[in-house]
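Welcome! Take a look at the structure below, and then let's walk through a few of its features together.

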Amino acid sequence: MRLVAEDLSAKRGEELIFRDVSFEIETGRALVVKGPNGSGKSTLLRVVAGLLPRESGKVRFSGEGSQEIETVASACHYLGHRNAMKRELTVVENLRFWKVFFGDSAGGNGMGIEEAADAVGLGGIVHLPFGYLSAGQQRRMAMAKLLVAWRPVWILDEPTAALDTAAEMMFAGLVKEHLKRGGIALAATHQPLGLGEMAELHMTGFDGAMAETWE
Ligand SMILES: Nc1ncnc2c1ncn2[C@@H]1O[C@H](COP(=O)(O)OP(=O)(O)OP(=O)(O)O)[C@@H](O)[C@H]1O
């Protein structure tokens, strides 16, 4: 199966942020989106995840297994800059909410909540309110959200910003395992994700009217 984006363009407000962006990602592969601040990386990721409307173009799956997927959005996990957790609820309550809310996509099973917390190295503190956790621990728990429900596509926006080296390595391991299970990852990042050689999409944004280049 492949995630295919064809000739995407998107606006924020009245501004065209990018156009003619196309890529394909096979199962088991990751694509890293790079580019300077403001070049449209986050916008692209949100468009692919179905969180922002696209101005033109298409996002679809093709190949074996794609028929079982109703919509691209239903097959995507999106980890944005914010953690999407309620501070007042415990970690277990937050993860339980997401597990039920997302459900599993066809062809996979999410981890149990304790197992997912263990996988991000925080098994002992799931009873605490999310707001009690340190910033790095909160980010780790947000990563556990990706594990409690199976979705083949992980869309990751600066996933390891502000994490320590151990957490970066832990997350690289999670992504590698996801790819091994037949997942797909699309990640915007300024720092290496520790995944080895990855395909890259370089976004330069518009410099004036029409000066964008895509590699
Ligand atoms: N809600 C909005 N309304 C209008 N313009 C916006 C809005 N959100 C973002 N933009 C603009 O869209 C452009 C692309 O923003 P985006 O967040 O996609 O960039 P980015 O490449 O992810 O940047 P960074 O590396 O800083 O995270 C920027 O010029 C930004 O100012």
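A residue is called near a molecule or strand when its C-beta atom, placed from the backbone, lies within 6 Å of it. Please keep in mind that this is a predicted model, where local features need pLDDT of at least 70, side-chain atom pairs count only at pLDDT 80 or more, and totals for chains, interfaces and linings use all residues. Residues are numbered from 1 along each chain as its sequence is written.

**Around the ligand**
- The ligand's surroundings include Arg12, Glu15, Ile17, Asn37, Lys41 and Thr43.
- Strand 2 (15-26) and helix 1 (41-49) are the elements giving two or more residues to this shell; helices (H or I, at least four residues) and strands (E, at least two) are DSSP runs, numbered from the N terminus.
- Helix 1 gives the most, with three residues.

**Two packed helices**
- Two packed helices are described by the angle between their axes and the distance between the axes.
- Helix 2 (residues 91-102) and helix 4 (residues 135-148) pack at about 35°, their axes 9 Å apart; axes are lines fitted to C-alpha atoms, for helices over the stretch in contact, and angles run from 0 to 180 degrees between N-to-C directions.

- Most residues other than glycine have a negative phi.
- Ala84, though not a glycine, has a positive phi of about 55°, and its place is in the loop between strand 5 (76-79) and helix 2.
- Ala84 is exposed, with 12 other C-beta atoms within 10 Å (20 or more means buried, 12 or fewer exposed, in between partly exposed; C-beta atoms are placed from the backbone).
- Glu158 has a positive phi of about 45° and counts as partly exposed, with 17 C-beta neighbours inside 10 Å.
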